[in-house]
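Q: I have a protein model open and I'd like to learn how to read it. Could you walk me through some of its features?

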Amino acid sequence: MNRPKRMLLENIAWAHETAHADAQFFTRLAQGQSPKVLWIGCADSRVPAETVTNANPGDLFVHRNIANLFSPSDDNTMSVLEYAVRVLKVDHVIVCGHYGCGGVRASLLPQSSDLPHVNRRIAPLCALGERHRHELDAFDELDARANRLAELNVLEQVRLLRQHAIVCERDEPPLVHGWIFGLHDGLINVLASGYADEDETRATERAPITSLRAA
Ligand code: CO
């Protein structure tokens, strides 16, 4: 059986099982959405937002792209943010990166000439890596450098989001969180909680977490 056919059969099974477990589930789903969270994550197939947080349809408004970048010049990113903040009025924006990110790793390597779109997308990552070159050079292994850059990237996207007019315009702006997912254990590390007092604590605690990850 080919993959799409298998997926369609799985869809029928899921729809039946879901309706069986909760008879009103699809009635509620059809009435509209009111997710409290905007998730900005990597397009990587191994980090599906709903699966790794045990969330349901309707819980998360999701935007995924290579290396979970917030790009103010990109209409796709900006339309998602605009709709999430102004219409859905989400309470939280979560940027979730992941260790072992191919997009982040690629930004530390010579660019591949057959991936012009990817190269353009990850250009801000290359610049971020340059800004942190001294810290990154302390790691011998490329993978360790990429993992630290993945963390720095999450924090950079959080910083950009927190100062963006769309995020700041509401009387009670959504809290912007920075998370990173570990492929090896399925657990999420919080790099920026969205709560100012907790972030101060985390800023001083972050170094040991990173050196463990990089080991
Ligand atoms: Co990735």
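This is a predicted model: local features need pLDDT of at least 70, side-chain atom pairs count only at pLDDT 80 or more; totals for chains, interfaces and linings use all residues.

Q: Let's begin with the big picture. Which domains does the chain have, and what separation is there between their centres?

A: The domain assignment gives domain 1, residues 1-32, and domain 2, residues 34-211. Taken over C-alpha atoms, the centres of domain 1 and domain 2 are 30 Å apart.

Q: How do I read a metal site? Which residues coordinate the cobalt ion?

A: Look for the atoms that point at the metal. Here the cobalt ion is held by the SG of C42, the NE2 of H98 and the SG of C101, at 2.0 to 2.3 Å. Along the chain, these donors have the spacing C-x55-H-x2-C. C42 sits in strand β1 (residues 37-42) and H98 in strand β3 (residues 92-98), so this pair ties together parts that lie 56 residues apart in sequence.

Q: Next, aromatic rings. How do I describe a pair, and how many aromatic pairs are there here?

A: You give the distance of the centres and the angle of the planes. This model has four aromatic pairs. Take W39 and W179: their ring centres are 6.3 Å apart and their planes meet at 85°, so the pair is edge-to-face. W39 belongs to strand β1 and W179 to strand β4 (residues 175-181), so the pair links parts that are 140 residues apart in sequence. Both W39 and W179 are buried.

Q: What about F61 and Y83?

A: F61 and Y83 make a tilted aromatic pair, with 5.9 Å centre to centre and 35° between the planes. F61 lies in strand β2 (residues 60-65) and Y83 in helix α4 (residues 75-87), so here the pair ties together parts 22 residues apart in sequence. F61 is buried, at 16% relative accessibility, whereas Y83 is partly exposed, at 39%.

Q: Which residues form an aromatic cluster?

A: W14, F25 and F26 form one aromatic cluster.

Q: Back to W179 and its strand. How does β4 run relative to β5?

A: To read strand pairing, check the direction and the bridges. β4 and strand β5 (residues 188-192) run antiparallel and are joined by four bridges. Opposite W179 you'll find V190 in β5. The hairpin of β4 and β5 has six residues between the strands, and in this hairpin G186 takes a positive phi near 75°.

Q: One last stop: where is P173, and what does P173 touch?

A: For a loop residue, ask which elements flank the loop and what the residue contacts. P173 is in the loop between α10 (165-168) and β4. Leaving out residues up to four places away in sequence, P173 touches V167 and C168. The C-alpha atoms of P173 and H92 are 8.6 Å apart, although 81 residues separate the two along the chain. With 38% relative accessibility, P173 counts as partly exposed.

Definitions and conventions:
Residues are numbered from 1 along each chain as its sequence is written. Side-chain values use heavy atoms; hydrogens and water are left out. Donors are N, O and S atoms within 2.8 Å of the metal (3.2 Å for Na, K and Ca); water is not among the atoms, so sites may look incomplete. Helices (H or I, at least four residues) and strands (E, at least two) are DSSP runs, numbered from the N terminus. Rings of Phe, Tyr and Trp (its six-membered ring) pair if their centres lie within 6.5 Å; planes under 30 degrees apart count as stacked, over 60 as edge-to-face and the rest as tilted. Buried means under 20% relative accessible area, exposed over 50%, partly exposed in between (1.4 Å probe, protein chains only). Domain bounds come from an automatic or database domain assignment. Contact means heavy atoms within 4.5 Å. Two strands pair if DSSP finds at least two bridges between them.
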